[in-house]
Amino acid sequence: MATMKAIVVEETGGVDKLIYKDIPLPEPKEGHVVIKNHFVGIAGEISAVGPGVENFKVGDRVVYIGGSTYSEYSEAKEATVEKITNDISYETAAAIGIQALTAWTLVRESYPVKKGDYILIHAAAGGVGLLLCQMCRYLGATVIGTVSSAEKATLARENGADYVINYTEEDVVAKVNEITNGLGCHGVLDGVGKSTWEISLQCARRLGSVISFGNASGVVPPISISILAQKNLKIMRPTLFNYMATREESQKWWGEVFELLSKNVIKTHIYKIYELVDAQQAHIDIESRKTTGKLLLKP
Ligand SMILES: NC(=O)c1ccc[n+]([C@@H]2O[C@H](COP(=O)([O-])OP(=O)(O)OC[C@H]3O[C@@H](n4cnc5c(N)ncnc54)[C@H](OP(=O)(O)O)[C@@H]3O)[C@@H](O)[C@H]2O)c1
């Protein structure tokens with residue numbers, strides 16, 4: 001039986017449960033393709049097509065979003081795979097993947113950012129955060145980012161943040177009030193969760209929107225809906241997958257992100273490329289919060 005190298009999780013636990021081992025090479029089921037992963041983040045080339053596959057052939061350069069991807073090869077449903085043009089490298093495609101799609105759906109669907117808006121972005125130097133800064137600036141908003149260090153502040157500014165608050169030194173709510181003349185932000189984009197949730201509510205202006213899209217610091221605690229009445233706030237908890245549930249949605253969002261890339265509206269910031277065998281170290285680094293932008297694995 002043909003095998004491949006992969007990172008396998010056989011039991012839950014810390015990063016030591018990410019085990020590098022040989023497992024069977026996937027074979028494409030009906031309507032599926034097998035992709036040789038060039039970079040896990042995820043981009044690669046079609047290495048096999050299953051019965052009924054109409055849009056792909058072996059050798060096509062593609063990007064896709066899926067599970068079970070810390071491996072040399074992955075199986076994916078045809079409908080979830082997109083071709084990439086030759087001017088987009090595998091690194092860029094993999095780096096842009098989930099994070100740019102997430103960021104773009106957040107600012108177009110979850111809270112459609114408008115010219116003149118004040119937008120607060122937590123973890124502005126993170127992978128999603130940097131792309132949000134670029135996109136909000138492009139859409140004409142005034143961007144306020146929060147970060148935990150001077151290096152991250154510089155990076156957030158370079159990527160479009162008009163104001164950056166280092167929350168280890170400054171009070172975020174006070175600073176946002178100062179910047180917005182006490183009105184607060186039209187939209188708050190919060191991927192940090194537990195530790196920023198209260199701050200997010202306080203930083204939103206009357207009729208504002210708070211979009212909670214991640215739990216980097218832990219899960220947002222249960223809330224009483226009546227707290228929203230204080231400012232007629234809207235809150236939302238989106239996931240990328242629910243914006244890309246159909247083939248049409250997938251093509252629309254990928255198409256728009258590729259266009260942003262080709263127009264140089266967005267650029268990737270790759271922190272580091274790790275060998276697949278070093279997946280544990282990649283997880284240790286991202287958990288340490290010293291990383292910025294995107295981490296990639298190379299099978
Ligand atoms: N809804 C969706 O569909 C979707 C899709 C993609 C990602 N996400 C979520 O979005 C969030 C950001 O993703 P990302 O790829 O941008 O991650 P990332 O690059 O690792 O950024 C996370 C940042 O959060 C900040 N942070 C604050 N408290 C933290 C803590 N206790 N532990 C770790 N980080 C903490 C850190 O920035 P500072 O040091 O500056 O505070 C860190 O760099 C994640 O929670 C992710 O799961 C959601």
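Student: Into which domains is the chain divided?

Tutor: This is a predicted model, in which local features need pLDDT of at least 70, side-chain atom pairs count only at pLDDT 80 or more, and totals for chains, interfaces and linings use all residues. Residues are numbered from 1 along each chain as its sequence is written, and side-chain values use heavy atoms, with hydrogens and water left out. The domain bounds come from an automatic or database domain assignment. The chain is divided into domain 1 (3-84 + 269-298) and domain 2 (98-239).

Student: How many residues of domain 2 are in contact with domain 1?

Tutor: The C-alpha centres of the two domains lie 30 Å apart. Contact means heavy atoms within 4.5 Å. On the side of domain 1, 8 residues take part, and they meet domain 2 through 11 residues.

Student: Which residues are in contact with Cys136, leaving aside neighbours within four places in sequence?

Tutor: Cys136 is one of the residues with the most contacts inside the largest core. With those neighbours left aside, the partners of Cys136 are Val107, Val113, Ile119, Ile121, Ala141, Val143 and Leu189.

Student: Which element gives the most to the lining of the largest cavity?

Tutor: On a 1 Å grid over the protein atoms alone, a cavity is a set of points where a 1.4 Å probe fits but cannot get out, whereas a pocket is an open set with protein on both sides within 12 Å along at least five of seven lines; lining residues have an atom within 4 Å of a point. Grid points are joined across faces, edges and corners, and a volume is the space filled by probe spheres set on the points. The largest cavity has a volume of about 70 Å³, and its lining comprises 13 residues, including Gly127, Leu131 and His269. The element that gives the most, with 4 residues, is H2.

Student: Which strand gives the most to the lining of the second largest pocket?

Tutor: This pocket holds about 220 Å³ of space. Of its 17 lining residues, Ile7, Ser68, Thr69, Tyr70 and Ser71 lie nearest the centre. Strands S1 (3-9), S2 (18-24) and S6 (73-77) each give two or more residues. The most, 5 residues, come from S1.

Student: What is the relative accessible area of Glu91?

Tutor: Glu91 is found in helix H1. Not counting residues up to four places away in sequence, Glu91 touches Phe39, Ile270, Ile273 and Leu296. Glu91 is partly exposed, and its relative accessible area is 30%.

Technical notes. A nonpolar core is a set of buried Ala, Val, Leu, Ile, Met, Phe, Trp, Tyr and Cys residues joined through side-chain atoms within 4.5 Å. Buried means under 20% relative accessible area, exposed over 50%, partly exposed in between (1.4 Å probe, protein chains only).
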